Amino acid sequence: MPVLLFTAIVALGAFAAGFLGSLTGLGGGVVIIPLLTVGFGVDIRYAIGASLVSVIATSSGAAAAYVREGFSNIRIGMFLEIATTLGALLGAFLALRLPTAAISLIFGLVLIHSAWVSSRPREDGAAVSRPDPLATRLRMNGSYPTKDGTKHYNVASVPSGFGLMFVAGTLSGLLGIGSGAVKVLAMDQAMRLPFKVSTATSNFMIGVTAAASAGIYLRQGYIDPGLAMPVMLGVLAGSTLGARRLYAADTSTLRKVFGAVIFVLALEMIYTGLRGLL
Amino acid sequence: MARKLMDQEIEVTIGQLLRAGVLSSAAVVAAGGVLYLARHGLAAAEYSVFTRQPPELSGAAGIFRCAFALHGRGLIQLGLLMLIATPIARVVFSVFGFLKERDWLYVAVTLVVLAILLYSLING
């Protein structure tokens with residue numbers, strides 16, 4: 001296939017991945033990598049490098065909007081970034097050494113988990129009455145705007161949130177994704193943050209985490225400019241449009257259909273991985 | 001509450017800087033893309049076999065040289081380098097934000113994050 005045609009098709013696919021990724025909350029990276037590997041036969045190492053830069057672009061581009069709404073908690077974000085950036089270093093270290101079949105297998109499993117997490121409704125659990133003393137010492141408890149005025153929240157289980165964030169960072173560095181689903185686990189389930197706060201804070205962290213591993217990928221020659229160009233521009237345009245449509249559209253049917261597609265892609269990647277390993 | 005407001009003010013500025021960083025790097029990537037496609041658009045695309053990029057497209061010095069010689073792929077890599085620098089710049093600005101608030105604990109936390117990022121860029 002000539003470069004011109006390939007670039008056009010990848011740009012369109014990346015646009016769709018960014019759009020659907022942002023509408024469904026899965027993120028662009030989780031969608032673009034199976035599209036490139038399963039759909040276009042691209043080596044997964046090229047796909048991961050290209051996806052990683054698109055993850056930085058979407059996260060940083062959306063930061064201004066999230067900040068204006070006043071949901072993000074910069075102290076929680078910065079503290080947990082110690083865990084995610086260290087994890088990202090480990091992830092990139094593993095990515096340079098693991099066989100691609102193993103990476104494909106892990107990706108497939110993470111994809112199924114992500115689709116499952118994003119298909120469930122997110123609700124705030126009961127408020128935490130007594131915060132983790134560590135959270136108080138780290139001044140993490142905060143407040144955010146709601147319809148009924150400013151609402152205060154306390155933060156629970158800082159150590160387990162920190163540990164899960166290390167896992168999220170490792171997966172991000174290994175697979176070239178934002179690992180939104182594991183961050184939800186850490187911040188919603190363990191630390192019990194209101195989900196609007198955790199969504200905004202997670203977006204804040206994704207760009208910094210991805211930058212830690214993207215630098216390594218670039219230096220190691222894993223980022224191919226001819227592929228990264230249409231992927232980055234396409235995902236950025238698609239996710240910007242998707243974020244605008246998010247509040248207008250009823251996404252429940254879309255989530256189901258899309259969840260089924262993701263599931264099939266995940267099985268394909270697990271199959272590829274197992275075939276390569278056995 | 002005063003602290004929260006200050007946080008917000010700093011954060012809004014940082015958010016705008018981030019967007020400017022993303023847009024300018026996207027513009028450089030797009031410009032490089034046009035040059036790349038004009039020169040190599042009819043070649044065959046080959047991504048099923050993995051080969052590492054040569055040093056002039058993976059190290060900072062080589063990327064700058066290629067970009068200033070107006071090589072399409074060099075320009076794309078320069079745009080991507082700017083993109084990777086954008087969240088790192090954000091962390092640097094956060095250090096100043098916390099310094100301004102005299103929040104020494106978080107100055108230290110932010111410096112640790114910055115050190116990890118710089119380590120990954122230099123030694124990764």
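What percentage of the 278 residues in chain A is made up of buried residues? Buried residues account for 60% of them, where buried means that 20 or more other C-beta atoms lie within 10 Å of the residue's own, exposed means 12 or fewer, and partly exposed means in between, with C-beta atoms placed from the backbone.

The structure is a predicted model, in which local features need pLDDT of at least 70 and side-chain atom pairs count only at pLDDT 80 or more, while totals for chains, interfaces and linings use all residues. Residues are numbered from 1 along each chain as its sequence is written, and chains are lettered from A and ligands numbered from 1 in the order in which they are written.

**Figure 1. Chain A is built from eleven helices and two strands.** Helices (H or I, at least four residues) and strands (E, at least two) are DSSP runs, numbered from the N terminus. The order of elements in chain A, from the N terminus on, is α-α-α-α-α-α-β-β-α-α-α-α-α. The radius of gyration of chain A, taken over C-alpha atoms, is 18 Å, close to the 19 Å that the globule rule gives for 278 residues, so chain A is as compact as a globular protein of that length; the rule is 2.2 Å times the number of residues to the power 0.38. The C-alpha trace of chain A spans about 60 × 40 × 30 Å along its principal axes. Of the contacts in chain A with a separation of 6 or more, 83% are between residues 24 or more positions apart; two residues are in contact if their C-beta atoms, placed from the backbone, lie within 7 Å.

**Figure 2. Chain B has four helices and zero strands.** Its elements run α-α-α-α from the N terminus on. The radius of gyration of chain B is 19 Å, well over the 14 Å that the globule rule gives for 124 residues, so chain B is more spread out than a compact globule. Taken along the principal axes, the C-alpha atoms of chain B fill a box of roughly 60 × 30 × 30 Å. Buried residues amount to 40% of the 124 residues of chain B. Residues 24 or more positions apart provide 56% of the contacts in chain B with a separation of 6 or more.

**Figure 3. Chains A and B meet through 53 residues of chain A and 54 residues of chain B.** On chain A, the helices α1 (3–24), α3 (44–69), α4, α9 (195–219) and α10 (225–245) each supply at least two residues of the side that touches chain B. The largest share of that side, eleven residues, comes from α3(A). By class, the side of chain A that touches chain B has 35 nonpolar, eleven polar and seven charged residues. Here Ala, Val, Leu, Ile, Met, Phe, Trp, Tyr, Cys and Pro count as nonpolar, Asp, Glu, Lys and Arg as charged, and the others, Gly among them, as polar.

**Figure 4. Helix α4 (residues 74–95) of chain A packs with helix α4 (residues 104–123) of chain B.** Their axes are 9 Å apart, at an angle of about 25°. Axes are lines fitted to C-alpha atoms, for helices over the stretch in contact, and angles run from 0 to 180 degrees between N-to-C directions. The angle makes α4(A) roughly parallel to α4(B); angles under 35 degrees count as roughly parallel, over 145 as roughly antiparallel, 65 to 115 as roughly perpendicular and the rest as oblique. The crossing of the helices α4(A) and α4(B) is left-handed, a term for a near helix turned anticlockwise from the far one by less than a right angle, with right-handed used if it is clockwise. Residues making the contact include A:M78, A:F79 and A:L86 of α4(A), and B:Y106, B:V113 and B:L117 of α4(B). The contact of α4(A) with α4(B) has eleven nonpolar, three polar and two charged residues.

**Figure 5. Within chain A, the axes of α4(A) and α9(A) come within 9 Å.** These axes cross at roughly 30°, and the helices α4(A) and α9(A) are therefore roughly parallel to each other. The crossing of α4(A) with α9(A) is right-handed. Among the contact residues are A:L80, A:T84 and A:A88 of α4(A), and A:F204, A:V208 and A:I216 of α9(A). By class, the contact of α4(A) with α9(A) divides into eleven nonpolar, seven polar and one charged.

**Figure 6. Helix α8 (residues 180–190) of chain A is mostly covered.** Nine of its eleven residues are buried, including A:V182, A:L185 and A:M187. The buried residues of α8(A) pack against α5 (100–119), α7 (158–175) and α9 of chain A.
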